[in-house]
Amino acid sequence: MDFDDLFSSKPKDPLVELAKQDLGPLSLDELAARIEALKAEIARVEAHRDAAAHHLSAADELFKK
């Protein structure tokens with residue numbers, strides 16, 4: 001293990017860690033639950049992205065020259 005791994009200045013990317021996980025031991029029910037959780041997270045991220053885009057659009061409109 002590297003010194004940097006023990007004392008990293010920034011946390012590990014959860015998406016990278018998620019992609020590294022072995023899915024082999026998971027049952028069909030666990031895989032289905034994981035898919036539903038990921039779909040919910042995708043919906044949450046899309047909603048945040050849409051809100052940020054709306055906010056940016058409103059700011060651009062307000063400060064148009």
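Arg 44 is exposed, at 54% relative accessibility. The cut-off for that label is over 50%. Glu 41 is partly exposed, with a relative accessible area of 34%. Both residues belong to helix H3, which covers residues 28-62. They sit 3 residues apart, about one turn of the helix.

Why can such a pair form at all? Side chains of opposite charge can pair when their charged atoms come close.

Glu 17 forms a salt bridge with Lys 20, and the closest N and O atoms are 3.6 Å apart. About one helical turn separates Glu 17 from Lys 20, because they are 3 residues apart in H2 (residues 14-20). How accessible are the two partners? Glu 17 is partly exposed, at a relative accessible area of 30%. Lys 20 reaches 60% relative accessibility and counts as exposed.

A further bridge joins Glu 61 and Lys 64, with 3.6 Å between the closest N and O atoms. Glu 61 and Lys 64 are both exposed.

Now step back to the whole chain. Its secondary structure comprises 3 helices and 0 strands. Along the sequence the pattern reads α-α-α. What share of the 65 residues is buried? The figure is 0%. Burial requires a relative accessible area under 20%. The chain exposes about 6300 Å². Carbon and sulfur atoms supply 62% of that area.

Between H2 and H3 runs a loop, and Leu 23 is found there. Is Leu 23 buried, partly exposed or exposed? Leu 23 counts as partly exposed, because its relative accessibility is 42%, between the cut-offs of 20% and 50%. Which residues does Leu 23 touch, once neighbours within four places in sequence are left aside? Leu 23 is in contact with Leu 31 and Arg 34.

Last comes confidence. The average pLDDT of the chain is 89. Of the residues, 88% score at least 70. Which elements mark the two ends of the scale? Helix H1, residues 3-6, has the lowest mean pLDDT among the elements, at 66. H3 has the highest, at 95. Where pLDDT is low, the predicted coordinates should not be read in detail.

Conventions: Residues are numbered from 1 along each chain as its sequence is written. This is a predicted model: local features need pLDDT of at least 70, side-chain atom pairs count only at pLDDT 80 or more; totals for chains, interfaces and linings use all residues. Side-chain values use heavy atoms; hydrogens and water are left out. A salt bridge is a side-chain nitrogen of Lys or Arg within 4 Å of a carboxyl oxygen of Asp or Glu. Helices (H or I, at least four residues) and strands (E, at least two) are DSSP runs, numbered from the N terminus. Buried means under 20% relative accessible area, exposed over 50%, partly exposed in between (1.4 Å probe, protein chains only). Accessible areas come from the Shrake-Rupley method with a 1.4 Å probe; for residues, only the protein chains shown count as cover. Contact means heavy atoms within 4.5 Å. pLDDT is the predictor's confidence in each residue, from 0 to 100.
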